[in-house]
Amino acid sequence: MKKILFSLLFGIFCMVGIQPVYAAGQLLAFLPEGQDCYYLNGTLVNTGEQQWHTVNYAGHTYFPIRIISELFGFQVQWQPDTQTIRLSDEERVIVLTVDSPVAMVNQQEQAIDIAPIIQEGRSLIPLRTLAQLTDSYVLYKDGVIYYAETPISKAEQQQDWFRQIYTDLQANHSALSTEPYNIIYEDGEAIPLVSLYKYNQVEYLSQQFPYGIDKLFWRTDHQELHTVSIPNLTQVIGIWQAQVYYISKNESTNQYDLYRANLDGTAVQLLQASFCEEGLIVRDKRNRFYIEDGKTYSRIQKISTDWGSSSTVYLYQLTEKALLPVARLASEDRNTYAIVGEWCFSVEYDAGIDYLLAQQCSTETAKRIYLPFVEIISLQKEQQAVQVTGIVHDTEQITTQTYSCEELLALAQE
């Protein structure tokens, strides 16, 4: 596997901590909502006045091209006439075009899942596309994004060094951030805000209070916060195309109904009564909507009453009139499922072994698929196929295999 160069201009940074090094290769980890610090190859780095900012758009994380140069060691050239971005290092030359699903890698065409975009005059490259073109891996877990040269196994995710990354990022982000992402609401205790959406220079942010009732705010240029008045708001799911989607508790049924409204709280629409029984779990409050193959999806984790305090993650497709259920997932992690055509393939676990669950979208049809992996680390859609990375049975070897939808379904068990 080709090695990714994570060269940095360390002279401008202040090192604030040393952690165990990820033994398998290079590793970058950061919080998507603020980059005043990040973890790189065993070191927690405080960016100080050189803060860099990613953009969360349509459910994907985008990097400005300047950050690509600083963090990943690429020489970057922007051609405004053709709207192309040229990335080069010792091993490869990558050329991407804004809004194009095709990239050139060492003069060879390669299809990409997510195209670069221009937002507020800046050229932005999707992190997942960068990983795809450089044979790297992206893991999203517990509110932290990891960009790794090799996959991070489940066993590694249980080790102390991995858990310490999350702890240190959260602690240093809270201590170092100068952005007004906290509100003192009572007894001097602050609850963090997370940016959900920007529309016409106005930023919308969500905050979850300990007693389970969300609040939605707006502001311009990081100035004073104003409350968005939405009737009977209980929990915010996300914002899409200038409309907020949320649940509201129905006191007559004691269940939660699904609504949407304009960003000023008007034009409230009931989309689905009794959408869930016990509310939702939204750990990091980031916007849950994203686009894939021209369709808009959202991952929603519902609290279940069937098994005590357990919960279930569902994948929904957003249409003009509703949120339609697509499939049940074992995890909210984006790298644990892939949608190909009318099938959703997701990673499941049973009796000490991982397998794929093939669910025909929006139906009750489901099939088990056993592959030659004892542990499946990640799934990634590759055009009309699924790229599976995992640990092979009876070995410690991590390998990647690509299966067409037809090949997977041929292996399925009812």
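Is Arg368 buried, partly exposed or exposed, going by its relative accessibility? In this predicted model, Arg368 comes out at 30% relative accessibility, so it counts as partly exposed. Its salt-bridge partner is Asp350, with the closest N and O atoms 3.2 Å apart. Strand E33 (residues 366-369) holds Arg368 and strand E31 (residues 343-350) holds Asp350, so the pair ties together parts that are 18 residues apart in sequence. Asp350 is partly exposed too, at 33%.

That pair is one of seven salt bridges in the structure. Another joins Asp354 to Lys154, where the closest N and O atoms sit 2.7 Å apart. Here the link runs between distant parts of the chain, from strand E32 (residues 353-360) with Asp354 to helix H3 (residues 154-157) with Lys154, 200 residues apart. Asp354 counts as buried at 2% relative accessibility, while Lys154, at 37%, is partly exposed. Then there is Lys381 with Asp293, at 1.9 Å from N to O. Lys381 belongs to strand E34 (residues 373-382), and Asp293 lies 88 residues away in the loop between strands E26 (289-292) and E27 (295-303). Lys381 is buried at 8%, but Asp293 is exposed at 56%. Asp89, Glu91 and Arg92, for their part, form a salt-bridge network.

On the nonpolar side, the largest core has 28 residues, and those touching the most other members are Leu28, Ile68, Phe72, Leu87, Leu96, Leu127 and Tyr147. Helix H1 (residues 65-72) is the top contributor, with five residues. Leaving aside residues up to four places away in sequence, Ile68 touches Phe63, Gly73, Phe74, Val76, Leu87, Ile125 and Leu130. A separate second core has 17 residues, among them Ala338, Ile369, Phe373 and Leu408.

Notes: Residues numbered from 1 in each chain as written. Predicted model: local features only at pLDDT ≥ 70, side-chain atom pairs only at ≥ 80, totals over all residues. Heavy atoms only, no water. Core = buried A, V, L, I, M, F, W, Y, C linked by side-chain atoms within 4.5 Å. Buried < 20%, exposed > 50% of the residue type's maximum accessible area, 1.4 Å probe, protein only. Helix = DSSP H or I, 4+ residues; strand = E, 2+ residues; numbered from the N terminus. Contact = heavy atoms within 4.5 Å. Salt bridge = Lys/Arg side-chain N within 4 Å of Asp/Glu carboxyl O.
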